[in-house]
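Thanks for coming. I have one structure to go through, and I will keep to what can be read off the coordinates.

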Amino acid sequence: MAEETRISTAVEMPPNQIDLPIENMRLQSSPYIAAETSIPKVMYNVVIALLPVTLWSFWAFGLRAVGVMASSILFMLAFEYFFARFRHPHQEAWRQTLDGSALVSGVLLGLNLGPTSPWWIMMVGALIAMGLGKHAYGGLGRNPFNPVLVGRVFLLISFPAQMTSWKAASWLNRDADPLLNLDAVTSATPLGALKEGGWSKFLDAFSQTDLWNYILFNKGGCLGDVSLFMLLLGGLYLLGRKIITWQIPLSYVAVVALITGVMHLVDPAHYASPLFHLATGSLMLGAFFMATDMVTSPVSRSGQLVFGAGCGVLTAAIRLWGSFPEGVSFAILIMNGLTPLIDKWTKPALFGAVKMKEAKL
Amino acid sequence: MSSAKKTAGSVFKNGLIVENPTLRMLLGMCPTLAVSTSAVNAVGMGLSATLVLILSNVVISLLRKMIPEKLRIPGYIVVIATFVTMTDLALHAFFPDIHKALGIFIPLIVVNCIILGRAEAFAGKNPVLLSAVDGLAMGLGFTSGLLILGMVREILGNGTFFGLQVLSASFPQVIVMILPAGAFITLGLTIAAANWIESRRKNA
């Protein structure tokens, strides 16, 4: 019976419809050469780049930092799945949760918080980052603002008390239990101290400390601010793997150095030296890991230079004349908002296109 | 709305729900965002606007055949400004606290686009009774939109509900909800909820 059916269909089949290897004859538009890169690959590379500073912050701040980082990542993944589930079936939502972008967001949020943050700070931050920063706009690739910074600025404005009670790294007070670091001493961040009393007063206050050892390896502040050296290590790894381009970090850092340098020359007693400004705060974390977010920064290389310079101007202005000691988050968010405009202005010429002036000749 | 015969009931439902000025038409955003920091302010603002809306709708509907077509906007503004001035003085006399909290936004009811919009779109073309119902419904729609924003922002940002402490003092206050950014966040989420309910209603 079954054999009869098969024979009859074979006869009815038109002779020209032979089984062609159709997958070899696909018609599609360019690009034809696909690079071997994918969202998870990029994201897990960023995680690798953030590992040194993360591990160093665990060492410097103790178990509290581990708790902050773990809860930040967990809440971020949970809310990613929760909001993705609104628009997608389980399988797709699960795939998006595990594509690494939420993991990077979680690590970055953790690095942007102080080691004594209570658990609900991470929960609210992840909720706002994922809900309002990312999925309200349609998920990864469609968000105009860096989700982590949206979450962080929301926290900073809403809970100033919890967000600015910094603890010194345990290296500074060896008497306290270095593992738990429960008796961590409240300390001002270098930028906070600078805002309080200007450059000369800051130098007096920190004259006991080996300043460069302090800045490179155990600065007080957010988890991610603890070690400039480890941050730069990660940033250079990303540059080497070509995950980020040099345009944004370089123009960002250069413009901050330029503006703070000029002001330091004008009034050395009040304005700190440019090297100090480059080394403190979250400037390096922002310049290498936040401003370079592919989704929210310009596409063209010249646009990236403009973007970085804009971030630099705003950061320097907020630090020197604003009411907040640090302005990296605000600066990057504002420039995120200008990114579509920058992309429009700096559209690269098409290959082979002739400029209007030359065409008239 | 235009095709079906207007009854008091349909006009009322239209103003309160179908064309809710705050959540469906997005009119009067300036006072909505500015004064919805607390539920009391929201109710004060909403009811003041409702009063002006009813009275101006009635008077404009009465005068609708006398006001020349080309001069209707200045005519409407004179009527509206009269009632706003009366409301402003009455609030100042009887509710000085609310008057102080609302500040400039009471005189600004003169240029509130809901009121001029209803004068232009409804009261200038419809009989007196229906215009009064329309004013009441639109005013209550505006008040309800303001009240939703005011309640959410006051509870989250200040831990109080109409001035009463509802969240314990240890519960952290989300200060951003009292700030302008919180107004935009709450408004956006409330409109999203209204759109979601509307789409469910249409599909059902």
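Before the first residue, one cut-off: a residue is buried if 20 or more other C-beta atoms lie within 10 Å of its own, exposed if 12 or fewer, and partly exposed in between. This is a predicted model, so please keep that in mind throughout.

Take Phe162(B). There are 13 other C-beta atoms within 10 Å, so Phe162(B) counts as partly exposed. Phe162(B) lies in the loop between strand E1 (160-161) and strand E2 (164-165) of chain B. Its phi is near 50°, a positive value in a residue other than glycine. As background, most residues other than glycine have a negative phi.

Chain A has a case of its own. Lys242(A) is not a glycine, yet has a positive phi of about 60°. Lys242(A) sits in the loop between helix H11 (228-240) and helix H12 (247-266) of chain A. Buried or exposed, then, for Lys242(A)? Exposed, because Lys242(A) has 10 other C-beta atoms within 10 Å.

Now chain A as a whole. DSSP gives 17 helices and zero strands. Chain A has 361 residues, of which 45% count as buried. Of its contacts with a separation of 6 or more, 73% are between residues 24 or more positions apart.

One helix pair in chain A: the axes of helix H3 (residues 63-87) and helix H5 (residues 101-111) come within 8 Å and cross at roughly 145°. The crossing of H3(A) with H5(A) is right-handed. On the H3(A) side the contact includes Val68(A), Ile73(A) and Glu80(A), and on the H5(A) side Leu103(A), Gly106(A) and Leu109(A) are among those taking part. By class, the residues of this contact are nine nonpolar, four polar and one charged.

Back to chain B, and helix H8 (residues 180-203). H8(B) has 24 residues and spans 35 Å from first C-alpha to last, close to the 34 Å expected. Buried residues in H8(B) are Gly182(B), Ala183(B), Thr186(B) and Leu187(B). The buried residues of H8(B) pack against helix H2 (29-35) and helix H7 (128-158) of chain B.

Between the chains, the contact takes six residues from chain B and five from chain A. The chain B side has six nonpolar residues, no polar and no charged.

Last, confidence. Mean pLDDT for chain A is 82, with 75% of its residues at 70 or more. Two stretches of chain A stay under 50: residues 1-11, with zero contacts beyond four places in sequence, and residues 171-185, with 26 such contacts. Where pLDDT is low, the predicted coordinates should not be read in detail.

Definitions and conventions:
Residues numbered from 1 in each chain as written. Chains lettered and ligands numbered in written order. Predicted model: local features only at pLDDT ≥ 70, side-chain atom pairs only at ≥ 80, totals over all residues. Contact = placed C-beta atoms within 7 Å. Nonpolar A, V, L, I, M, F, W, Y, C, P; charged D, E, K, R; others polar. Helix = DSSP H or I, 4+ residues; strand = E, 2+ residues; numbered from the N terminus. Expected span 1.5 Å × (residues − 1). Axes fitted to C-alpha atoms, helices over the stretch in contact; angles between N-to-C directions. Left-handed = near helix turned anticlockwise from the far one by under 90°. pLDDT = per-residue confidence, 0-100.
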